[in-house]
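Colleague: Please put the model up, and then we can go through a few questions about it.

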Amino acid sequence: MTALFCSGDAMRGGRLHHNVSAHPFLGGVRTAPHYRMYSVRDQFPALLEDPSGGVPLAGEIYDVPLSAIRTDFLPDEPPELELTVIELDDGRDVLAVGLRPGVLERQRDELTDITTHGGWRAYRGLPEPA
């Protein structure tokens with residue numbers, strides 16, 4: 001089993017939650033404070049490490065087998081994202097999806113920096129699920 005950080009539509013209440021819902025939900029968490037979040041075409045979020053700044057960004061952790069990440073989770077991820085390792089605010093390293101290298105430079109007009117919102121749900125004005 002592998003800790004998988006979800007920060008977009010795979011979170012509880014999201015349209016892709018079915019990709020992780022069969023696996024143990026380990027709770028809400030935040031990234032370390034050196035990440036930025038972008039909205040890509042206002043369709044999905046993308047994390048990007050930024051050693052010069054950023055904020056702790058909200059997400060959820062699930063305990064998912066690597067095989068399920070490969071077969072159930074990654075096929076629904078858009079081409080702008082890739083599997084990566086991120087740091088949480090408690091120092092743990094976990095798997096997540098982040099913005100592919102070069103996308104920020106090539107598609108800047110399709111990206112909106114939403115870092116100051118603190119997460120995808122806050123940006124979209126969605127409540128935290130009970």
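Predicted model: local features only at pLDDT ≥ 70, side-chain atom pairs only at ≥ 80, totals over all residues.

Modeller: Strand E2 (residues 25–30) and E5 run antiparallel and are joined by five bridges.

Colleague: Which residue stands opposite Ile-61 in E5?

Modeller: E2 and E5 are antiparallel, with five bridges between them. Opposite Ile-61 in E5 stands Gly-27.

Colleague: In which sense do strand E1 and E5 pair, and what stands opposite Tyr-62 in E5?

Modeller: Strand E1 covers residues 2–6, and its pairing with E5 has five bridges in the antiparallel sense. The residue opposite Tyr-62 in E5 is Leu-4.

Colleague: Why is strand E5 described as largely enclosed by the rest of the structure?

Modeller: Buried means under 20% relative accessible area. E5 spans residues 58–64, and it is largely enclosed because the buried residues among its seven number five.

Colleague: Is Asp-72 buried, exposed or partly exposed?

Modeller: Asp-72 is part of helix H1 (residues 66–73). Partly exposed lies between the cut-offs of under 20% for buried and over 50% for exposed. The relative accessibility of Asp-72 is 36%, so this residue is partly exposed.

Colleague: Which side chain does the side chain of Asp-72 contact, and how far is its C-alpha atom from that of Asn-19?

Modeller: At 3.3 Å, the side chains of Asp-72 and Thr-71 make a polar contact. Asn-19 is 53 residues from Asp-72 along the chain, yet their C-alpha atoms are separated by 5.5 Å.

Colleague: Over residues 3–124, how far apart are the end C-alpha atoms?

Modeller: UniProt lists that range, in an unreviewed entry, as "domain: Allophanate hydrolase C-terminal". Over residues 3–124 the chain is 38% strand and 14% helix, and the end C-alpha atoms are apart by 25 Å.

How values were computed: Residues numbered from 1 in each chain as written. Heavy atoms only, no water. UniProt positions renumbered as here; feature names shortened; annotations may be inferred. Helix = DSSP H or I, 4+ residues; strand = E, 2+ residues; numbered from the N terminus. Buried < 20%, exposed > 50% of the residue type's maximum accessible area, 1.4 Å probe, protein only. Polar contact = N/O pair within 3.5 Å; in protein donor to acceptor, adjacent residues only side chain to side chain. Pairing = 2+ DSSP bridges.
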